[in-house]
Amino acid sequence: MSRSYWHHREPSTLRARRVLRPAPRREHQPRTPRPKGDRVPSYLVSTGACTIRDLTKSYGDVRANDGVSLDVHRGEIFGLLGPNGAGKSTLVRQLTGLLRPDSGAISLLGHDLVRHPERASRLLGYLGQESTALDELPVGLAAETTARLRGLSARAARTERDAVLDELGLTPLAAKPLARLSGGQRRLACVAAALAGARPVLVLDEPTTGMDPVARRAVWAAVDRRRTADGVTVILVTHNVIEAETVLDRVAVMDAGRVIACDTPGGLKARIDDEVRVELVWRETAPVHLPEVAALSARNDGAENGRRWTLRLPTDEARAAVAAVTGGPAFDALDDFTLTTPSLEDVYMSLGGRGEGLVKA
Ligand SMILES: Nc1ncnc2c1ncn2[C@@H]1O[C@H](COP(=O)(O)OP(=O)(O)OP(=O)(O)O)[C@@H](O)[C@H]1O
(Lines give C-alpha, C1' and ligand atoms only; values in the text may rest on other atoms or scores of the structure.)
Protein backbone atom coordinates (compact mmCIF):
# COMPACT_ATOMS: atom_id res chain seq x y z
CA MET A 1 0.00 0.00 0.00
CA SER A 2 1.32 3.46 -0.84
CA ARG A 3 2.03 5.78 2.10
CA SER A 4 -0.26 8.56 1.06
CA TYR A 5 -1.13 11.70 3.02
CA TRP A 6 -4.55 10.33 3.86
CA HIS A 7 -3.41 6.97 5.13
CA HIS A 8 -0.84 8.44 7.50
CA ARG A 9 -1.99 7.99 11.11
CA GLU A 10 -1.80 10.96 13.46
CA PRO A 11 -0.05 10.58 16.83
CA SER A 12 -2.68 10.16 19.57
CA THR A 13 -1.58 13.37 21.41
CA LEU A 14 -2.25 15.39 18.29
CA ARG A 15 -5.66 13.79 17.86
CA ALA A 16 -6.59 14.62 21.48
CA ARG A 17 -5.61 18.27 21.11
CA ARG A 18 -7.77 18.59 18.03
CA VAL A 19 -10.80 17.29 19.89
CA LEU A 20 -10.35 19.92 22.59
CA ARG A 21 -9.63 22.79 20.23
CA PRO A 22 -11.04 22.24 16.71
CA ALA A 23 -9.06 23.73 13.85
CA PRO A 24 -10.61 26.98 12.55
CA ARG A 25 -12.90 26.51 9.55
CA ARG A 26 -11.61 27.93 6.27
CA GLU A 27 -14.77 27.54 4.27
CA HIS A 28 -14.22 30.44 1.91
CA GLN A 29 -10.79 29.30 0.75
CA PRO A 30 -10.83 27.16 -2.38
CA ARG A 31 -9.10 24.02 -1.27
CA THR A 32 -7.19 21.62 -3.43
CA PRO A 33 -8.16 18.13 -2.28
CA ARG A 34 -5.21 15.79 -2.37
CA PRO A 35 -5.26 12.76 -4.63
CA LYS A 36 -6.45 9.69 -2.77
CA GLY A 37 -5.23 6.22 -3.53
CA ASP A 38 -4.07 5.69 -7.11
CA ARG A 39 -1.38 7.90 -8.43
CA VAL A 40 -1.81 9.71 -11.72
CA PRO A 41 0.36 8.45 -14.57
CA SER A 42 3.77 10.17 -14.56
CA TYR A 43 3.14 11.76 -17.98
CA LEU A 44 0.24 13.67 -16.42
CA VAL A 45 2.12 14.98 -13.39
CA SER A 46 2.19 18.73 -13.76
CA THR A 47 2.23 21.86 -11.65
CA GLY A 48 -0.65 23.18 -13.76
CA ALA A 49 -4.34 23.01 -12.93
CA CYS A 50 -5.36 20.74 -15.76
CA THR A 51 -3.53 18.56 -18.27
CA ILE A 52 -5.35 16.95 -21.18
CA ARG A 53 -3.66 14.52 -23.55
CA ASP A 54 -4.93 13.04 -26.83
CA LEU A 55 -8.57 13.17 -25.78
CA THR A 56 -10.94 11.55 -28.25
CA LYS A 57 -14.72 11.31 -28.15
CA SER A 58 -16.97 10.23 -31.04
CA TYR A 59 -20.73 10.12 -31.46
CA GLY A 60 -21.18 7.61 -34.27
CA ASP A 61 -19.35 9.09 -37.25
CA VAL A 62 -18.89 12.50 -35.60
CA ARG A 63 -15.48 13.02 -33.98
CA ALA A 64 -16.59 15.58 -31.39
CA ASN A 65 -13.06 15.64 -29.87
CA ASP A 66 -10.24 14.46 -32.07
CA GLY A 67 -6.93 14.16 -30.20
CA VAL A 68 -7.23 17.24 -27.97
CA SER A 69 -4.18 18.11 -25.82
CA LEU A 70 -4.08 21.17 -23.53
CA ASP A 71 -2.32 22.51 -20.44
CA VAL A 72 -4.25 24.93 -18.22
CA HIS A 73 -2.14 26.84 -15.69
CA ARG A 74 -3.22 27.47 -12.11
CA GLY A 75 -4.93 30.80 -11.55
CA GLU A 76 -5.53 31.65 -15.19
CA ILE A 77 -8.72 32.33 -17.11
CA PHE A 78 -8.41 29.88 -19.96
CA GLY A 79 -10.85 29.95 -22.84
CA LEU A 80 -12.17 27.47 -25.38
CA LEU A 81 -13.24 29.45 -28.43
CA GLY A 82 -14.90 28.00 -31.50
CA PRO A 83 -18.09 27.98 -33.55
CA ASN A 84 -21.15 25.77 -32.89
CA GLY A 85 -20.26 22.11 -33.01
CA ALA A 86 -16.47 22.66 -32.58
CA GLY A 87 -16.39 20.25 -29.62
CA LYS A 88 -16.08 22.69 -26.70
CA SER A 89 -18.97 21.36 -24.59
CA THR A 90 -17.93 17.77 -25.27
CA LEU A 91 -14.49 18.64 -23.91
CA VAL A 92 -15.76 20.32 -20.73
CA ARG A 93 -18.28 17.56 -20.07
CA GLN A 94 -15.40 15.09 -20.01
CA LEU A 95 -13.47 17.44 -17.77
CA THR A 96 -16.38 17.58 -15.33
CA GLY A 97 -16.69 13.80 -15.18
CA LEU A 98 -20.12 13.78 -16.88
CA LEU A 99 -18.93 12.12 -20.09
CA ARG A 100 -16.43 9.32 -20.53
CA PRO A 101 -13.74 9.83 -23.20
CA ASP A 102 -13.14 7.09 -25.81
CA SER A 103 -9.41 7.48 -25.21
CA GLY A 104 -6.92 9.94 -23.78
CA ALA A 105 -6.07 11.33 -20.35
CA ILE A 106 -7.28 14.16 -18.09
CA SER A 107 -5.53 15.27 -14.93
CA LEU A 108 -7.18 17.93 -12.77
CA LEU A 109 -5.14 19.19 -9.80
CA GLY A 110 -3.26 15.90 -9.78
CA HIS A 111 -6.35 13.66 -10.02
CA ASP A 112 -6.80 11.22 -12.89
CA LEU A 113 -10.36 12.04 -13.98
CA VAL A 114 -10.62 9.30 -16.57
CA ARG A 115 -10.17 6.66 -13.88
CA HIS A 116 -11.98 8.66 -11.20
CA PRO A 117 -14.58 10.92 -12.84
CA GLU A 118 -16.52 11.14 -9.55
CA ARG A 119 -13.75 13.30 -8.09
CA ALA A 120 -14.50 16.18 -10.46
CA SER A 121 -17.48 17.35 -8.39
CA ARG A 122 -15.20 17.89 -5.36
CA LEU A 123 -12.71 19.90 -7.38
CA LEU A 124 -14.73 22.17 -9.62
CA GLY A 125 -17.80 24.33 -9.88
CA TYR A 126 -19.54 23.69 -13.22
CA LEU A 127 -22.05 25.78 -15.09
CA GLY A 128 -23.39 23.78 -18.04
CA GLN A 129 -25.34 25.12 -21.01
CA GLU A 130 -28.63 23.82 -19.60
CA SER A 131 -29.34 24.28 -15.93
CA THR A 132 -32.98 23.26 -15.68
CA ALA A 133 -32.34 21.30 -12.47
CA LEU A 134 -32.57 24.53 -10.48
CA ASP A 135 -35.70 25.87 -12.22
CA GLU A 136 -38.17 25.32 -9.37
CA LEU A 137 -35.94 26.85 -6.68
CA PRO A 138 -35.98 30.53 -5.67
CA VAL A 139 -32.74 32.28 -6.62
CA GLY A 140 -31.50 32.60 -3.04
CA LEU A 141 -32.23 28.98 -2.18
CA ALA A 142 -30.46 27.77 -5.35
CA ALA A 143 -27.24 29.54 -4.31
CA GLU A 144 -27.59 28.48 -0.66
CA THR A 145 -28.26 24.83 -1.56
CA THR A 146 -25.21 24.69 -3.83
CA ALA A 147 -23.06 26.15 -1.07
CA ARG A 148 -24.41 23.53 1.39
CA LEU A 149 -23.76 20.73 -1.11
CA ARG A 150 -20.18 22.01 -1.33
CA GLY A 151 -19.70 21.50 2.39
CA LEU A 152 -20.46 24.88 3.95
CA SER A 153 -22.29 25.01 7.28
CA ALA A 154 -25.89 26.32 7.20
CA ARG A 155 -24.75 29.70 8.53
CA ALA A 156 -21.80 30.03 6.17
CA ALA A 157 -24.03 29.01 3.22
CA ARG A 158 -26.48 31.81 4.05
CA THR A 159 -23.62 34.32 4.27
CA GLU A 160 -22.24 33.03 0.96
CA ARG A 161 -25.71 33.26 -0.63
CA ASP A 162 -26.13 36.89 0.42
CA ALA A 163 -22.64 37.83 -0.78
CA VAL A 164 -22.94 36.22 -4.22
CA LEU A 165 -26.45 37.60 -4.84
CA ASP A 166 -25.24 41.08 -3.90
CA GLU A 167 -22.15 40.69 -6.10
CA LEU A 168 -24.29 39.84 -9.14
CA GLY A 169 -27.08 42.34 -8.46
CA LEU A 170 -29.59 39.56 -7.78
CA THR A 171 -30.70 40.49 -4.26
CA PRO A 172 -34.08 41.93 -5.40
CA LEU A 173 -34.83 38.61 -7.15
CA ALA A 174 -33.77 36.36 -4.25
CA ALA A 175 -37.28 35.03 -3.56
CA LYS A 176 -38.29 34.40 -7.20
CA PRO A 177 -38.12 30.87 -8.62
CA LEU A 178 -35.73 30.64 -11.58
CA ALA A 179 -38.54 29.43 -13.85
CA ARG A 180 -40.27 32.82 -13.44
CA LEU A 181 -37.25 34.91 -14.48
CA SER A 182 -36.24 36.23 -17.91
CA GLY A 183 -33.63 34.19 -19.83
CA GLY A 184 -30.77 36.52 -18.91
CA GLN A 185 -31.82 36.72 -15.25
CA ARG A 186 -32.11 32.93 -15.05
CA ARG A 187 -28.63 32.52 -16.50
CA LEU A 188 -27.30 35.03 -13.96
CA ALA A 189 -28.95 33.06 -11.13
CA CYS A 190 -27.28 29.89 -12.43
CA VAL A 191 -23.93 31.70 -12.40
CA ALA A 192 -24.63 32.69 -8.77
CA ALA A 193 -25.25 29.04 -7.88
CA ALA A 194 -22.08 27.94 -9.71
CA LEU A 195 -19.99 30.49 -7.81
CA ALA A 196 -21.51 29.76 -4.36
CA GLY A 197 -19.14 27.74 -2.15
CA ALA A 198 -15.47 27.88 -2.95
CA ARG A 199 -13.96 25.55 -5.54
CA PRO A 200 -10.36 25.73 -6.82
CA VAL A 201 -11.52 25.39 -10.44
CA LEU A 202 -14.54 26.89 -12.22
CA VAL A 203 -15.75 25.49 -15.54
CA LEU A 204 -18.25 27.84 -17.16
CA ASP A 205 -19.92 26.92 -20.46
CA GLU A 206 -21.04 30.17 -22.12
CA PRO A 207 -22.01 31.79 -18.80
CA THR A 208 -23.17 35.14 -20.21
CA THR A 209 -25.56 33.85 -22.90
CA GLY A 210 -28.63 36.10 -23.08
CA MET A 211 -27.36 38.63 -20.54
CA ASP A 212 -27.40 42.40 -20.92
CA PRO A 213 -24.08 44.32 -20.70
CA VAL A 214 -24.54 45.19 -17.00
CA ALA A 215 -25.05 41.54 -16.04
CA ARG A 216 -22.11 40.47 -18.23
CA ARG A 217 -19.80 42.95 -16.52
CA ALA A 218 -20.96 41.72 -13.09
CA VAL A 219 -20.17 38.12 -14.08
CA TRP A 220 -16.70 38.95 -15.38
CA ALA A 221 -15.92 41.04 -12.29
CA ALA A 222 -17.05 38.17 -10.02
CA VAL A 223 -14.95 35.64 -11.95
CA ASP A 224 -11.91 37.89 -11.96
CA ARG A 225 -12.27 38.55 -8.21
CA ARG A 226 -12.12 34.82 -7.48
CA ARG A 227 -9.06 34.43 -9.66
CA THR A 228 -7.25 37.43 -8.15
CA ALA A 229 -8.22 36.97 -4.49
CA ASP A 230 -8.36 33.16 -4.23
CA GLY A 231 -6.20 31.93 -7.13
CA VAL A 232 -9.16 30.12 -8.69
CA THR A 233 -8.53 28.64 -12.15
CA VAL A 234 -11.28 29.34 -14.67
CA ILE A 235 -12.00 27.34 -17.82
CA LEU A 236 -14.45 29.21 -19.96
CA VAL A 237 -16.31 28.17 -23.10
CA THR A 238 -17.27 30.95 -25.47
CA HIS A 239 -17.99 31.65 -29.10
CA ASN A 240 -17.94 35.39 -28.49
CA VAL A 241 -14.66 36.81 -29.82
CA ILE A 242 -15.04 40.17 -28.06
CA GLU A 243 -15.48 38.52 -24.67
CA ALA A 244 -12.58 36.19 -25.44
CA GLU A 245 -10.28 39.11 -26.19
CA THR A 246 -11.20 41.08 -23.08
CA VAL A 247 -11.57 38.34 -20.46
CA LEU A 248 -9.17 35.51 -21.25
CA ASP A 249 -5.52 35.09 -20.31
CA ARG A 250 -5.04 32.32 -22.89
CA VAL A 251 -7.34 30.75 -25.42
CA ALA A 252 -7.50 27.46 -27.30
CA VAL A 253 -9.16 27.90 -30.68
CA MET A 254 -11.21 24.80 -31.57
CA ASP A 255 -12.57 23.71 -34.91
CA ALA A 256 -14.14 20.38 -35.91
CA GLY A 257 -13.06 18.64 -32.69
CA ARG A 258 -9.42 19.77 -32.78
CA VAL A 259 -7.37 22.53 -31.12
CA ILE A 260 -6.02 24.54 -34.05
CA ALA A 261 -4.12 27.13 -31.95
CA CYS A 262 -3.47 28.00 -28.30
CA ASP A 263 -1.92 31.25 -27.07
CA THR A 264 -2.76 34.57 -25.41
CA PRO A 265 -5.31 36.62 -27.40
CA GLY A 266 -2.51 39.11 -28.15
CA GLY A 267 -0.14 36.33 -29.23
CA LEU A 268 -2.76 34.88 -31.58
CA LYS A 269 -3.51 38.27 -33.10
CA ALA A 270 0.20 39.01 -33.56
CA ARG A 271 0.30 36.10 -36.04
CA ILE A 272 -1.73 38.18 -38.45
CA ASP A 273 -0.81 41.71 -37.38
CA ASP A 274 0.12 42.70 -40.92
CA GLU A 275 -3.52 42.22 -41.90
CA VAL A 276 -6.41 44.68 -41.75
CA ARG A 277 -10.09 43.86 -41.96
CA VAL A 278 -12.02 45.92 -44.52
CA GLU A 279 -15.81 45.88 -44.27
CA LEU A 280 -17.81 47.29 -47.15
CA VAL A 281 -21.58 47.76 -46.86
CA TRP A 282 -23.30 48.29 -50.21
CA ARG A 283 -26.58 50.21 -50.58
CA GLU A 284 -28.07 47.29 -52.52
CA THR A 285 -26.00 44.62 -54.25
CA ALA A 286 -22.29 45.17 -54.96
CA PRO A 287 -21.57 46.79 -58.38
CA VAL A 288 -19.46 43.86 -59.62
CA HIS A 289 -19.66 45.16 -63.20
CA LEU A 290 -17.03 47.73 -62.11
CA PRO A 291 -13.54 46.23 -62.52
CA GLU A 292 -12.22 47.61 -59.17
CA VAL A 293 -15.14 45.95 -57.31
CA ALA A 294 -14.87 42.69 -59.31
CA ALA A 295 -11.17 42.54 -58.35
CA LEU A 296 -12.08 42.67 -54.66
CA SER A 297 -14.86 40.10 -54.97
CA ALA A 298 -12.40 37.17 -54.87
CA ARG A 299 -11.10 38.36 -51.47
CA ASN A 300 -14.57 38.68 -49.92
CA ASP A 301 -15.30 36.21 -47.07
CA GLY A 302 -19.06 36.65 -47.47
CA ALA A 303 -21.49 36.09 -50.35
CA GLU A 304 -20.81 38.09 -53.55
CA ASN A 305 -24.45 39.14 -53.81
CA GLY A 306 -24.68 40.05 -50.09
CA ARG A 307 -24.76 43.68 -48.96
CA ARG A 308 -21.90 43.24 -46.47
CA TRP A 309 -18.45 42.28 -47.71
CA THR A 310 -15.55 41.39 -45.40
CA LEU A 311 -12.00 41.34 -46.76
CA ARG A 312 -8.84 40.53 -44.80
CA LEU A 313 -5.96 42.22 -46.60
CA PRO A 314 -2.34 43.25 -46.00
CA THR A 315 -2.24 46.90 -44.87
CA ASP A 316 -1.10 48.37 -48.21
CA GLU A 317 -3.69 46.38 -50.20
CA ALA A 318 -6.40 47.48 -47.74
CA ARG A 319 -5.46 51.11 -48.32
CA ALA A 320 -5.56 50.62 -52.09
CA ALA A 321 -8.94 48.83 -51.88
CA VAL A 322 -10.53 51.65 -49.89
CA ALA A 323 -9.08 54.23 -52.30
CA ALA A 324 -10.50 52.26 -55.25
CA VAL A 325 -14.05 52.02 -53.91
CA THR A 326 -14.22 55.55 -52.51
CA GLY A 327 -12.43 57.38 -55.34
CA GLY A 328 -14.45 56.16 -58.34
CA PRO A 329 -17.99 55.28 -59.45
CA ALA A 330 -18.26 52.49 -56.86
CA PHE A 331 -18.62 55.18 -54.17
CA ASP A 332 -22.24 55.87 -55.21
CA ALA A 333 -23.14 52.24 -54.43
CA LEU A 334 -21.35 52.26 -51.07
CA ASP A 335 -23.38 52.79 -47.89
CA ASP A 336 -20.55 52.44 -45.34
CA PHE A 337 -17.03 51.11 -44.91
CA THR A 338 -14.74 50.35 -41.94
CA LEU A 339 -11.09 49.44 -41.51
CA THR A 340 -10.26 47.53 -38.32
CA THR A 341 -7.28 45.76 -36.81
CA PRO A 342 -7.61 41.95 -36.66
CA SER A 343 -9.81 40.21 -34.10
CA LEU A 344 -9.71 36.61 -32.88
CA GLU A 345 -12.29 35.87 -35.55
CA ASP A 346 -9.74 36.87 -38.19
CA VAL A 347 -7.20 34.62 -36.49
CA TYR A 348 -9.73 31.79 -36.53
CA MET A 349 -10.40 32.36 -40.23
CA SER A 350 -6.70 32.55 -41.11
CA LEU A 351 -6.16 29.23 -39.30
CA GLY A 352 -8.65 27.58 -41.63
CA GLY A 353 -11.77 27.86 -39.46
CA ARG A 354 -15.10 27.69 -41.20
CA GLY A 355 -16.17 31.02 -39.76
CA GLU A 356 -19.71 30.05 -38.83
CA GLY A 357 -21.07 30.71 -35.39
CA LEU A 358 -18.48 33.08 -33.89
CA VAL A 359 -20.21 36.00 -32.21
CA LYS A 360 -18.85 39.56 -32.27
CA ALA A 361 -21.27 41.39 -29.97
N1 LIG B 1 -25.10 13.63 -27.36
C2 LIG B 1 -24.69 13.77 -28.62
N3 LIG B 1 -25.05 12.87 -29.56
C4 LIG B 1 -24.63 12.97 -30.83
N5 LIG B 1 -23.82 13.95 -31.28
C6 LIG B 1 -23.42 14.88 -30.39
C7 LIG B 1 -23.83 14.83 -29.02
N8 LIG B 1 -23.26 15.89 -28.37
C9 LIG B 1 -22.56 16.56 -29.30
N10 LIG B 1 -22.63 15.96 -30.50
C11 LIG B 1 -21.96 16.40 -31.73
O12 LIG B 1 -20.59 16.57 -31.43
C13 LIG B 1 -20.09 17.74 -32.07
C14 LIG B 1 -19.51 18.69 -31.02
O15 LIG B 1 -20.60 19.17 -30.23
P16 LIG B 1 -20.36 20.14 -28.98
O17 LIG B 1 -21.67 20.32 -28.30
O18 LIG B 1 -19.22 19.63 -28.18
O19 LIG B 1 -19.91 21.49 -29.71
P20 LIG B 1 -19.75 22.95 -29.12
O21 LIG B 1 -18.47 23.48 -29.63
O22 LIG B 1 -19.92 22.94 -27.65
O23 LIG B 1 -20.97 23.71 -29.81
P24 LIG B 1 -21.93 24.89 -29.25
O25 LIG B 1 -21.13 26.15 -29.32
O26 LIG B 1 -23.06 24.88 -30.20
O27 LIG B 1 -22.34 24.53 -27.86
C28 LIG B 1 -21.24 18.32 -32.88
O29 LIG B 1 -21.13 17.86 -34.21
C30 LIG B 1 -22.47 17.75 -32.20
O31 LIG B 1 -23.52 17.61 -33.12
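In this predicted model, helix H2 contributes the most to the shell around the ligand, with 3 residues. Local features require pLDDT of at least 70, and side-chain atom pairs count only at pLDDT 80 or more, whereas totals for chains, interfaces and linings use all residues. Residues are numbered from 1 along each chain as its sequence is written.

**Ligand shell**
- The ligand is surrounded by Tyr59, Val62, Ala64, Gly82, Asn84, Gly85, Ala86, Gly87, Lys88, Ser89, Thr90 and His239.
- Strand E2 (62–72) and helix H2 (88–95) are the elements that give two or more residues to this shell; helices (H or I, at least four residues) and strands (E, at least two) are DSSP runs, numbered from the N terminus.

**Overall organisation**
- The protein contains 12 helices and 13 strands.
- Of its 361 residues, 38% are buried (20 or more other C-beta atoms within 10 Å of the residue's own, with C-beta atoms placed from the backbone).
- An automatic or database domain assignment gives domain 1 (42–266) and domain 2 (274–341).
- The centres of the two domains, taken over C-alpha atoms, are separated by 40 Å.

**Open sheet**
- An open sheet of 6 strands has the order E6-E7-E8-E3-E9-E10, with mixed pairing (two strands pair if DSSP finds at least two bridges between them).
- Strand E6 (124–127) and strand E10 (258–263) stand at the edges with a single partner strand each, so one side of each has no neighbour in the sheet.
- Strand E3 (residues 77–81) runs parallel to strand E9 (residues 250–255), and 4 bridges join them.
- Phe78 stands opposite Arg250 in E9.

Notes:
Near = placed C-beta within 6 Å. Buried ≥ 20, exposed ≤ 12 C-beta atoms within 10 Å, placed from the backbone.
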